[in-house]
Structure formats: structure tokens, C-alpha cells
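Thanks for coming. I have one structure to go through today, so please have a look at it first.

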Amino acid sequence: MADTSGRGGTAGQRPRTQGVRDLPARGRAVCTGFIESVTHQPPSDQPFFSAVVVDALGPGPHHAINAGGIRKPYDRLRVIWLGRTRVPGIEAGVQLRLNGMVTQLDGLPAMFNPRYEILSRQEHL
């Protein structure tokens, strides 16, 4: 009997949402995380907008730390929007869901031009 629960891996279904730490080295993925930082390029450079996404903000036991106290490099995801100098709603502290192809860039997982959905924002007082 066919799986009608929608949990199978059949074509046309959305990939399962995962954290940054659980991303595959390559391939299509959906993940959720928080924007830790954004990078703006000077006007003289080719336009791109970049953000670093983590599973959770701030120090704590949720970060992958090795015996030497150094965070493992794969607990971060670099997200890059090419041809853009700004992406609406993308700023530090925002929680979002990303959908795109994961690749490796300078030893870190990266997504270029992913689809995104803002899940929550920090309230400014």
C-alpha cells in the first residue's frame, strides 16, 4: 500500500526541515535557524548580500564545541544572495526557514539564492 501520510520521500514533496548542524554536505535541504550576522558589500564591489545562520543565538550548550573549546565549523551556514545589496527582512536575530541547494564554500556549508520564510523577529524597544 502507498504511503498516504505525506511523510515518505516521494518526488514532489518538500524535504524534511532540519537544523544547520544536520545539513547534508551537498544537495537540496530545508533548514531553520537564526541569523547571527549579515555582511554588506561596498558599492564598488559586485553586489551580493550574505548572512550567517546558526541553530540558536548566544552561547550555551546547544552549540557544538570540541574538547579544545572551539566551535565546530559546520554549526554555521553561509547564505548568499547574488546580485542583491539588501534582502528585505533579513537582519541579525531573525528566525527563518531556508530552502535551497547546499554546497561547500571555503569549508563551510553554503546556500546561494535560497527561498526563505521569516518565522519570527526580535522586537526592538
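This is a predicted model: local features need pLDDT of at least 70, side-chain atom pairs count only at pLDDT 80 or more; totals for chains, interfaces and linings use all residues.

Residues are numbered from 1 along each chain as its sequence is written, and side-chain values use heavy atoms, with hydrogens and water left out.

The fold, then. The protein chain has 0 helices and 7 strands. Helices (H or I, at least four residues) and strands (E, at least two) are DSSP runs, numbered from the N terminus. Of the 125 residues in the protein chain, 30% are buried. Buried means under 20% relative accessible area, exposed over 50%, and partly exposed in between, with a 1.4 Å probe and protein chains only. Contact means heavy atoms within 4.5 Å. Among contacts between residues at least 6 apart in sequence, 59% join residues at least 24 apart.

On to pairing, where two strands pair if DSSP finds at least two bridges between them. Strand 1, residues 17-18, runs parallel to strand 2 over 2 bridges, and Gln18 has Cys31 in strand 2 as its bridge partner. Strand 2 pairs in the antiparallel sense with strand 5 over 8 bridges and with strand 3, also antiparallel, over 5 bridges. Phe34 shows both: its bridge partner in strand 5 is Gln95, and in strand 3 Phe34 stands opposite Val54.

Next, the core. A nonpolar core is a set of buried Ala, Val, Leu, Ile, Met, Phe, Trp, Tyr and Cys residues joined through side-chain atoms within 4.5 Å. The largest one has 18 residues, and those touching the most other members are Ile35, Val53, Leu77, Trp81, Ile90, Leu98 and Met111. Strand 2 (27-39), strand 3, strand 4 and strand 5 (95-105) each give two or more residues to this core. Leaving out residues up to four places away in sequence, Ile90 touches Ile35, Val38, Phe49, Ala51, Trp81, Leu96 and Tyr116.

Which residues make up the aromatic cluster? They are Phe49, Trp81 and Tyr116. Rings of Phe, Tyr and Trp (its six-membered ring) pair if their centres lie within 6.5 Å; planes under 30 degrees apart count as stacked, over 60 as edge-to-face and the rest as tilted. The whole structure holds 2 aromatic pairs. Phe49 and Trp81 are tilted, at 6.2 Å centre to centre with 40° between the planes. Phe49 is in strand 3 (residues 48-54) and Trp81 in strand 4 (residues 76-82), so this pair ties together parts 32 residues apart in sequence. Trp81 and Tyr116 have ring centres 5.7 Å apart and planes at 75°, so that pair is edge-to-face. Because Tyr116 lies in strand 7 (residues 115-120) and Trp81 in strand 4, the pair ties together parts 35 residues apart in sequence. Trp81 is buried at 5% relative accessible area, whereas Tyr116, at 30%, is partly exposed.

Is Ser50 buried or exposed? Ser50 is buried, with a relative accessible area of 7%, and belongs to strand 3. Asn99 sits in strand 5, and its side chain makes a polar contact of 3.1 Å with that of Arg28. A polar contact is a pair of N or O atoms within 3.5 Å; within protein, one must be able to donate a hydrogen and the other to accept it, and residues adjacent in sequence count only if both atoms are side-chain atoms.
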